Each structure stands twice: as structure tokens, then as C-alpha cells.
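Student: Please pick one spot in this protein and take me through it closely. Then show me what else is worth a look in the chain.

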Amino acid sequence: MSTKSAHKLATLPTRANAHPPRPRIVPVLTLILALLATLVPGPPGLAIPPRLAANSDPVGSFGGAGSAAPLFWTGGGQRINNTSFESGLQPWAQIKINAAVGSSAAVSSTGFGDNKSAIITVLSGNFTPDSKVSLLNDLSGEQVGFGGALRLRATVFVSSMTGNTSADRVEVSTTLTTSHGDLRTIHYLFAAGTSHDLHIRYTDSNNNSRWDIGESVVFNAHLTGTYDASDTTLSGSVPSIGAQLNNDPKLDYVDQNSNGLWNVGEPIVYDVNNDSFYEFGEPSVYGGKSQTVTDIYIDVPAFGTTGQWIVLDTNVAADALAFSSVDYAGLNSVRSIQLVVSTKTFGIQNRDPHLKFYDSNSDMAWEPSEQVIYDANLNGVYDSGEPVLCACSAPGIGAPLSVDPKIKFVDPDNNGVWDSGETIVYDTNYNGVYDLEPMIYGPPPRGGTLLMRGLQRTTIASFDQVELYSATGNYDWVRNGSFDTGTLAGWGQNSTFTTSTAASLSPPYSAEGNVTGSAMEMAQSIDSRPRVESWTRFKASVEVRNMTGDLPADSVDLWLGLIDSRGKAVSVYYYFKTGDGSIPFNTTDTIYHKAPGFGKLTEWLSVDAGLLNETVAFNLLGYSSPYRLEVIVVEGVARATSSTTTAFFDDISVYQPWKPGSSPSQIYATKGSNSTYTYTGANIPYGSFYVDIPGAQTILNVTSPEGAPLQPGEYATQPAQGLLRITVPSSTMFKHAPLGIWRVTATSTNALSTLYVEDSTAKIMKAIFNLSAQVNLVSRTNDPLGIPQAGASVNLTLIQTSSATVVGAWSGKSEAQGWYNITGMTLPSRQGDYLLQATVQAAYVGVRIYSLILTSPRGPEPGPQFSPVLLALIGGASAVAILAILTVFRRRRRGESPTKTTLSSEYGDSSRTLTYGELVVKNLLQQCHNTIPFQTS
């Protein structure tokens with residue numbers, strides 16, 4: 001405060017007392033009128049257009065649907081029709097093999113998570129073949145390509161299994177085709193019977209109580225527990241006489257004839273996981289392996305569990321690695337899925353413990369010269385009166401009697417014990433069947449007569465939710481078309497082709513064909529028979545290195561075999577060189593092309609053809625679409641005996657691109673914080689997928705269908721042409737539901753970089769404006785790298801703070817430099833605090849607010865309308881105020897001193913005091929403002 005001002009404040013009271021008071025009625029009345037004017041309605045404000053921002057958004061935030069992002073996936077969806085049997089058994093085909101009456105496949109009224117399942121019941125038919133009932137789903141026409149993301153799911157409920165042979169089992173099997181014409185089957189086992197024979201024993205050389213590779217395995221014929229001359233060594237060195245023999249329950253055998261006993265020739269394996277079934281990789285102890293060339297067996301988790309649902313969820317491609325590398329490289333499609341229940345009649349050998357023999361030479365085995373005795377009291381010695389069952393004399397009383405398990409009898413009454421008169425034979429091969437073997441007693445039976453009693457076996461299981469997902473996006477139907485394995489795996493070939501590094505379009509390998517005076521050919525079948533679509537492109541590259549022949553038949557070509565909708569075959573040929581420069585004329589079912597660069601030597605010539613266009617000509621010749629691809633062949637010919645043709649082949653493919661889609665997004669922005677973006681991929685088929693989002697966004701997380709965020713390494717990010725690509729591989733998707741909802745959440749800085757209000761004349765940014773002032777609203781949007789966002793959707797909203805009322809809204813697109821402005825806009829005529837909010841929606845979103853105050857130098861803002869009652873109240877208050885003023889004047893004339901008080905700083909002048917009348921008017925008007933409800937215009 002200046003010295004002059006301080007002096008003025010100090011002298012005011014003195015000056016007031018020294019001079020007679022001047023009349024103040026005019027300024028007081030002026031004050032009253034000004035105060036009353038605040039209650040008079042002013043001119044109408046701005047028209048309020050519809051607000052474009054979401055009404056539910058609070059000031060300073062913005063959310064809603066955002067821009068969609070490109071989404072690409074490889075999955076082809078569910079490939080099995082009627083996975084849960086809700087509509088019956090069709091299209092599953094029922095197959096019965098040797099199944100007894102009562103065997104069937106039907107729909108059950110209970111299922112796994114639903115109301116139906118397929119229940120298969122099998123009763124065994126006889127001893128020799130397996131009894132089997134299965135449901136087959138033929139996929140040969142479904143384009144189920146074999147790839148790294150092939151996923152099989154099934155649930156199985158094993159109700160009953162009474163058999164104990166390797167033929168008693170419940171399985172889901174998938175049969176695969178190879179590009180060179182073979183079939184390979186994977187058996188997923190849910191339960192299997194046991195096959196164990198106590199005669200199979202081993203020498204425990206390291207005393208660890210289990211069999212180890214290298215330890216001898218023998219057939220201990222008489223179960224003595226020690227090795228003797230009657231025993232047979234099956235594996236390893238022959239033990240010394242008297243060596244101890246031990247039992248290991250994991251030494252098992254394949255009971256091929258289901259007689260419950262090991263027979264010579266039946267494979268013996270070491271059952272590592274003790275599941276009573278042979279799997280690929282378990283040690284073979286004796287005999288051949290069980291179907292390891294064309295079939296592999298895999299136990300599912302919870303193998304052998306009965307009475308509850310067992311779930312299988314497996315990557316078929318990973319399981320198929322158990323086949324040889326050549327086979328695996330050639331696997332190209334899934335031919336079928338089969339649900340199998342099987343069983344086998346079991347034979348209880350017709351042996352009676354009373355039937356013994358006198359071992360005259362102590363070799364523990366019966367010979368025709370040795371007596372067979374019925375040991376009635378089972379005391380192990382011959383007693384007087386016990387029957388001698390041979391055409392021979394009785395041994396001496398008290399002679400020791402021995403057991404030979406090969407001594408069996410024919411049991412016509414099936415009572416399980418030998419009865420007088422029943423034939424006794426010696427089952428030399430231990431197979432439970434009479435094969436013209438030595439007779440001991442009674443009339444000879446017919447060949448093939450059983451020496452065992454059959455027991456019918458039963459297996460029952462239910463199947464539900466059998467699903468197969470095949471990923472054929474980003475897929476090449478040609479196997480090993482670039483020969484990068486360094487082999488010709490996948491191709492059926494002859495000796496005229498080898499892999500080579502002498503020339504390759506994509507190093508290091510190509511296929512080299514070299515022939516003199518003959519022809520060379522290499523082919524592969526495409527068993528999925530993919531349909532020729534607009535996207536189907538055939539690519540191949542060939543370098544003809546040498547061609548000495550000059551005949552039309554001297555040639556290097558590559559051709560495709562197709563079929564039309566009715567199965568009629570057609571062919572498309574691409575020639576790279578011929579001896580005389582000519583190619584064959586087109587025929588009704590064959591089209592011939594010269595490849596680009598036809599005829600050039602020592603130069604790579606490439607074909608890149610849309611196959612759909614290649615088939616157009618066939619439509620005019622009596623064939624009909626759609627066409628399917630079945631075979632691809634590369635070949636060369638050197639016709640004359642002395643001519644030679646040499647060519648290299650590389651990069652042969654029929655490619656199916658990624659499947660395109662769109663990922664909708666949700667956005668959210670708030671002032672002072674980063675913006676977020678959530679991109680959703682719903683029901684993406686199992687395989688892999690990627691999403692391309694704006695490149696300056698940063699990934700926060702990727703969440704699985706179960707809502708859990710993926711761990712580091714479970715997805716990948718990489719720049720891709722100004723975008724950011726987020727890829728989730730099939731190995732990650734396999735861990736989660738195959739048709740769930742995936743979400744990618746990203747963030748970026750506020751894209752609304754600039755927002756303010758400026759005087760439209762002075763072009764100066766301000767925060768305080770007069771009522772109804774002419775202004776410009778200025779906004780700008782940039783991406784997180786500072787580059788302007790052109791064409792972004794911008795919303796501007798003017799809000800009166802006290803009532804949260806929208807008094808103006810504008811929307812439009814930003815220009816090339818990111819600006820979106822409203823020029824020459826008239827501000828409201830009502831004073832108070834206001835907020836200008838801007839939101840931007842484009843590749844990057846944001847929100848920003850700007851505060852401004854509207855005021856007037858001419859006095860308070862016009863007030864609202866009021867009712868007649870209010871007018872009466874105000875009039876009464878005014879009369880009281882005037883009366884009070886007149887009273888003051890009368891007192892002054894009488895010399896009375898007025899009451900003094902300090903003026904509140906809200907009136908803008910604290911250098912004087914209020915008179916009594918002024919104080920009364922102030923208080924009355926303040927009460928009116930506090931009690932009268934205003935009505936807004």
C-alpha cells in the first residue's frame with residue numbers, strides 16, 4: 001500500500017465528521033437497483049446442440065468403442081460334426097467286428113457337461129480275433145491339414161472292463177495320411193487289459209530287485225524259481241544251472257492269442273509305466289515290437305481309471321513325432337477319427353492239478369515214455385490204486401510225481417476238472433489248442449479243439465465332446481517343398497532325384513534331378529484335397545541346367561492333378577524347357593503352359609499362378625467347380641539314349657494365407673493419465689493369431705479366455721510397417737479354451753496435446769472473459785511421437801461448472817496438422833466458472849480440459865426470473881430499506897452519529913465504512929439471495 005493511500009485511510013473519519021453529510025440517496029438507490037437487476041432475466045445464452053460425448057462420462061474422462069485393429073489367425077475351426085452326439089450318432093458310422101449279440105453303439109442320456117454321449121458296449125465273440133465296436137468319423141473330404149497346431153480333445157467314461165488281455169481296451173484313435181501314400185495311426189488309450197505270465201523271469205545280476213537291460217530273461221517252465229535244463233532262455237546269456245530267477249511284474253507280453261499264457265513268438269517287453277500296454281520307446285525284450293511301424297500307442301492322463309470321465313486334450317503333431325522323421329515330414333492330413341471299444345474271449349487252460357507225471361530222467365518235462373498219474377490225494381507221490389493214465393506200467397509205490405503245465409485235457413462238459421474218459425494231450429506249443437500234438441490218454445480230438453475253457457469278456461465306455469481343431473491358415477499344402485530338411489522326405493521318388501547345394505533359390509538345398517536316356521519323376525499326394533479358392537496360389541522355381549536332347553519329348557515340367565465337383569480328373573502342366581521349344585496342345589482334361597522365361601538355361605524360372613484362374617477353361621469343357629487339388633508331380637525326360645537332362649527344383653508350394661478378421665476395441669482416457677486400449681478377439685479357432693495395433697502404443701498385457709494375463713515369452717511383439725504386431729503362438733493357445741475370448745490391452749500418452757480459448761480479435765489465450773465475448777476454441781491432437789493426427793474425430797464441449805450443464809458442443813475432424821478449432825464463437829451471457837473439454841478419437845485417444853471464468857465490468861450478471869410473490873417480497877424489502885435511509889437522514893439532521901462498520905472486501909473497497917442504512921440494505925438483499933429459489937432460463 002502506498003503512503004498516499006495510507007494517509008487517505010487515516011483521514012477519512014476526520015473528514016466525515018468535519019463536513020455535513022452529502023445526500024446519499026442516489027448512490028444507495030442505484031445500489032438497490034443494481035442488486036435487483038441481478039434477479040431480472042438476461043438475454044438467452046447459446047443454443048445447446050446435441051452432445052456427442054458419452055453422457056455417462058464424468059468431466060475429464062472419455063470412454064467407449066474405439067477403432068478396430070486388423071486380426072489374423074491360422075485356426076480352421078472345429079472339424080468334427082456332432083461332437084457331443086446331441087443329435088444322435090450321425091454322421092459317425094458304426095462298425096462291428098466279431099462282436100457277440102448284445103454289442104452295440106447307442107446314444108446315452110447322460111454326458112460330460114451335457115445331456116448326451118455315445119455309449120459303446122462290446123461282448124467278445126471268440127478266441128481268435130478281437131471283438132470290436134467303433135464309431136468312425138471320415139474326414140477325408142474335410143481339408144483337415146496336418147500341421148503343428150493340430151489339436152484333439154475328447155472325454156471318455158470307462159464303465160466296465162472284464163478282460164485281461166492286450167485286446168481289451170478303450171481308445172480314441174486318429175489315422176493320418178502321408179504324402180507318399182502310407183497311413184499312420186495314433187491310439188490314445190483310456191484303459192487296457194493286463195497280460196502277465198509268472199513263468200517269465202529274469203536273473204537279477206545287480207540285485208536291485210528289477211529287470212535291467214542286459215539281464216537274462218527266461219521261461220521258467222515249472223515255476224521252480226531256479227534255472228534248470230527245462231527252462232528256455234529268451235534274452236541275454238544262458239544262466240548257470242541253479243541260478244536264482246526273479247519275477248518283475250513289468251516284464252509283460254503281448255497275448256496275441258488271448259489264451260492267458262505266454263506262447264513262443266509272442267513279444268515280451270518291459271512295461272516301464274506298468275500300464276499293461278506297449279508304448280513306443282519301451283524296451284523290447286523278446287520277439288518283434290507291437291505295430292511300431294504304422295501304429296503308436298499313448299496312454300492318456302488317468303489311464304486305467306474307471307467310473308469317472310477322463311479328459312484328453314492333446315497336440316496331435318507333437319504326439320506324431322514318435323513316428324520316424326521321414327514319416328513325420330510327410331504327414332499331410334487327418335483321414336479319420338475313431339472311437340473304439342474292444343475285448344477278447346479269455347481262455348482258462350484245461351489243466352488239473354491232479355494230473356502229474358513220473359519224471360524218470362529228471363528233466364522237468366514230460367516225454368511219451370513217462371507215466372501220467374492222477375494224484376488223487378495231491379500228496380506228490382504215487383500211491384497204490386491211483387489211476388495210471390497211459391498205455392504203460394505204473395511207477396513204484398512212493399515214486400515222486402511232477403507237474404508239467406503243458407499236460408492238458410479236453411473238457412467237453414466245461415466243468416473245469418478232468419473227468420474219467422476225457423482225452424489228455426500234451427500242448428507242445430502251449431497255445432491252448434490241439435494241433436495234432438502227442439496224445440497221452442483217450443481218443444484223439446479233432447485238430448483245432450480247444451484245450452481251454454472260454455470266458456466271454458465285456459467292455460463298456462461312453463464318449464463325449466470329441467473335437468478336432470486344424471489350423472490351415474498360413475499353411476502350405478506341399479510337404480518339404482523347399483527341401484530345407486536336406487532330404488526328399490515327403491516325396492515319393494526314384495533314384496534320379498537327390499538333394500543338392502549346387503544350386504538353390506532359397507539356400508541351402510534344392511532337389512536335383514539328373515537322367516540320361518530315360519525319365520525322372522518325383523511326386524506327392526495331397527490327401528486333404530484342399531479346394532481351389534480365389535486365394536489359392538501355386539508357386540515353384542526351376543533351373544534347367546542341362547538338356548542335350550532336341551526332341552519334343554525332351555522336357556522339364558511340373559504338373560498338378562485336380563478333380564472337379566463330380567470327381568473327374570483334370571491336369572495343369574507348366575513347362576520350363578523342351579528340346580525343340582514346343583509344348584503339347586491342350587486337351588479336354590489337360591492344360592499346358594509355358595513358364596515365364598521358358599527355354600532359358602542356367603537361370604531360375606518361377607511360376608506364381610492363381611489356380612482358380614487356371615480352372616476357368618475347364619468350366620467351358622464340361623467340368624464344374626469347385627476343384628480340389630490331389631497331387632503334384634515334378635518330372636524330366638531325356639528321350640534319346642545319349643541325351644541328358646539335368647534340372648533343379650525349389651520353393652514348391654500351394655499356400656493358404658492367414659485368415660483375416662477384425663478386432664474391435666474399447667478405449668478409455670482421463671486427463672493427466674495415459675489412455676488405454678483393449679482389443680478383443682472372440683472365438684478365435686485354436687491355432688495362432690496376431691493383432692496389428694498402432695505402432696506407438698505400448699502393450700500392458702495379453703489375457704487368455706480364462707482372464708489370466710499371459711506370462712513373458714507366451715506372446716511376441718514386433719514392429720510391422722508402422723504398426724505393432726502382437727503374436728500369440730499355437731503353443732500358448734493350446735493351454736487355453738479353443739474358442740475363448742482373447743484380449744490385448746495397450747496404453748499411450750494423451751493424444752489431445754493442446755486445448756485453450758483465445759480472444760478472437762487479439763488472438764491471445766486467456767482464462768477470464770467478458771460475458772458474450774467473441775472467442776476461438778483451439779485444440780490440437782498429436783500421436784505419442786509428436787506427429788499430428790489428421791482426420792481424427794474431435795469433440796469440444798463447454799460446461800457450466802456449478803450446474804454441470806452443457807451449454808455448447810461441437811464435433812468435427814482435425815486437419816492435416818492436427819488442429820480442430822471453432823472460430824468467432826460467442827461465449828454465454830451468464831457469468832461464472834466454465835470448463836471446456838476436448839476429446840479425440842483416432843488411432844490414439846485423449847481428453848483434456850481448460851478452465852475459464854466469465855464476468856462483466858458493468859455489474860452482476862442478470863438474475864433469473866421470479867414469481868409475483870417474490871416481487872412483493874422484494875418490494876417490501878425495498879420500502880424498509882428506503883425508510884431506514886430516511887431515518888438516517890433525520891438522525892443526521894439532529895446530529896446523531898451513524899453506526900460504522902467495515903466494508904467487506906467482496907465489494908472491492910476496504911478504505912471506507914458502511915452507514916447504518918447501507919448495512920441494512922446489504923443484509924436484506926443477502927437474505928433474499930439465500931432464500932429465493934432461482935429459475936434458470
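Tutor: Let's start with Gly695, which counts as partly exposed because its relative accessibility is 34%. Buried means under 20% relative accessible area, exposed means over 50%, and partly exposed is in between, using a 1.4 Å probe and protein chains only. Before going on, keep in mind that this is a predicted model, with local features needing pLDDT of at least 70 and side-chain atom pairs counting only at pLDDT 80 or more, while totals for chains, interfaces and linings use all residues. Residues are numbered from 1 along each chain as its sequence is written, and side-chain values use heavy atoms, with hydrogens and water left out.

Where does Gly695 sit? Look in the loop between strand 41 (689-694) and strand 42 (698-703). Strands here are DSSP runs of E with at least two residues, helices are runs of H or I with at least four, and both are numbered from the N terminus. If you skip residues up to four places away in sequence, Gly695 touches Gly722, Leu723, Leu724 and Tyr844; touching, or contact, means heavy atoms within 4.5 Å. Leu785 is 90 residues away along the chain, yet its C-alpha atom and that of Gly695 are separated by 9.9 Å.

To count as a pair, two strands need at least two bridges found by DSSP. Strand 1 (residues 61-73) also pairs antiparallel with strand 39 (residues 659-670), over eleven bridges. In that pairing, Gly64 has Ile667 as its bridge partner. Strands of a sheet pair through backbone hydrogen bonds, either parallel or antiparallel.

Now for a sheet further along. Three strands make an open sheet in the order 46-48-51, with antiparallel pairing. Strand 46 (752-759) and strand 51 (819-826) are its edges, each pairing on one side only. From one strand to the next, the twist averages 10°; the axes behind such angles are lines fitted to C-alpha atoms, for helices over the stretch in contact, and angles run from 0 to 180 degrees between N-to-C directions. Strand 48 (residues 774-781) is joined to strand 51 by six bridges in the antiparallel sense, and Arg780 has Trp819 as its bridge partner.

Two bridges join strand 23 (residues 424-426) to strand 24, and Ile424 stands opposite Tyr441.

What about the inside? The largest nonpolar core has 58 residues, and those with the most contacts inside it include Phe689, Leu777, Leu796 and Leu836. A nonpolar core is a set of buried Ala, Val, Leu, Ile, Met, Phe, Trp, Tyr and Cys residues joined through side-chain atoms within 4.5 Å. Another core lies apart from it, with 43 residues, among them Leu562, Ala595, Leu611 and Ile632. In soluble globular proteins, nonpolar side chains tend to be buried together.

Zoom in on Leu836: leaving aside neighbours within four places in sequence, its contacts include Leu755, Leu777, Leu796 and Leu798. Leu798 lies in strand 49 (residues 793-800) and counts as buried because its relative accessibility is 2%.

One more stop: a search of the whole structure finds one disulfide, meaning a pair of cysteine sulfur atoms within 2.5 Å. It joins Cys390 to Cys392, with 1.7 Å from S to S. Cys390 counts as buried because its relative accessibility is 18%, whereas Cys392, at 31%, is partly exposed.

Stepping back, the protein chain has nine helices and 55 strands. Buried residues make up 48% of its 937 residues. Among contacts with a separation of 6 or more, 69% are between residues 24 or more positions apart.
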